[in-house]
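Me: I would like to learn how to read a protein model feature by feature, beginning with the whole chain and ending with single residues. Could you take me through this one?

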Amino acid sequence: MTTDPSHTDAPGVSIRIFGSLRPLRTARGLPHSLVVDVPRAGTTARELAISLELPLERIEGVFLNHVVHGIGVHVSPGDRVAFVPYGTPGPHRVLLGLHSAGDEGSGAVA
């Protein structure tokens, strides 16, 4: 995976990084909003997080095209992805669906 979508004729994946995950990138001079290319067959949010050097154990949910999922969700070219860390306030967790995102696959490495 590269951060230059011109290396493929498929559209890139738009990625945003939120909450306490954001400073992990900005402290290293890396963007918190970027576009990366992925294979035509796609990849998983877990693989994207690893390639972005995000700590899996700190990711509670992944928004894929505005719908919350677990870290194992399949990501295709052209998708929009947002990584959300643990720490979202209680009522928002339920409203956003984060309370059940972990049921699809924990961010923790097994």
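Me: What percentage of the 110 residues in the chain is buried?

Reply: This is a predicted model, and in it buried residues make up 39% of the 110 residues of the chain. The accessible surface of the chain comes to about 5800 Å², and 57% of that surface belongs to carbon and sulfur atoms.

Me: How many helices and strands are there in the chain, and in what order do the elements run from the N terminus?

Reply: The chain has four helices and seven strands, and from the N terminus on they follow the order β-α-β-β-α-β-β-β-β-α-α. Of the contacts with a separation of 6 or more, 68% are between residues 24 or more positions apart.

Me: In what order do the strands of the open sheet lie, and which of them are at the edge?

Reply: Five strands form the open sheet, in the order 2-1-7-4-5 and with mixed pairing. Strand 2 and strand 5 (67–69) are the edge strands, each pairing on one side only, and neighbouring strands of the sheet are turned by 25° against each other on average when direction is ignored.

Me: Which way does strand 1 run relative to strand 7, and which way relative to strand 2?

Reply: Strand 1 and strand 7 run parallel and are joined by four bridges, with I17 standing opposite F83 in strand 7. Strand 1 and strand 2 run antiparallel, and four bridges join them too; here S14 stands opposite V35 in strand 2.

Me: How many residues does the largest nonpolar core have, and which of them have the most contacts inside it?

Reply: In soluble globular proteins, nonpolar side chains tend to be buried together. In this model the largest nonpolar core has 21 residues, and those with the most contacts inside it are I15, L48, I59, V81 and F83. Strand 1 (13–17), strand 2, helix 2, strand 4 and strand 7 (80–85) each supply at least two residues of this core.

Me: How many salt bridges are counted, and which residue forms a salt bridge with E53?

Reply: Side chains of opposite charge can pair when their charged atoms come close. The count here comes to one salt bridge, and R28 forms it with E53, their closest N and O atoms being 3.5 Å apart. R28 lies in the loop between helix 1 (22–26) and strand 2, and E53 in the loop between helix 2 (45–51) and strand 4 (59–64), so the pair ties together parts that are 25 residues apart in sequence.

Me: Is R28 buried, exposed or partly exposed, and how is E53 classed?

Reply: R28 has a relative accessible area of 41% and is therefore partly exposed, while E53, at 54% relative accessibility, counts as exposed because the cut-off for that class is over 50%.

Me: Where is P39 found, and what separates its C-alpha atom from that of G12?

Reply: P39 is found in the loop between strand 2 (33–36) and strand 3 (43–44), where P39 is partly exposed, with a relative accessible area of 44%. The residues P39 and G12 are 27 residues apart along the chain, and their C-alpha atoms are separated by 9.4 Å.

Notes. Residues numbered from 1 in each chain as written. Predicted model: local features only at pLDDT ≥ 70, side-chain atom pairs only at ≥ 80, totals over all residues. Heavy atoms only, no water. Buried < 20%, exposed > 50% of the residue type's maximum accessible area, 1.4 Å probe, protein only. Salt bridge = Lys/Arg side-chain N within 4 Å of Asp/Glu carboxyl O. Core = buried A, V, L, I, M, F, W, Y, C linked by side-chain atoms within 4.5 Å. Contact = heavy atoms within 4.5 Å. Areas by Shrake-Rupley, 256 points an atom, 1.4 Å probe, with all protein chains shown as cover. Pairing = 2+ DSSP bridges. Axes fitted to C-alpha atoms, helices over the stretch in contact; angles between N-to-C directions.
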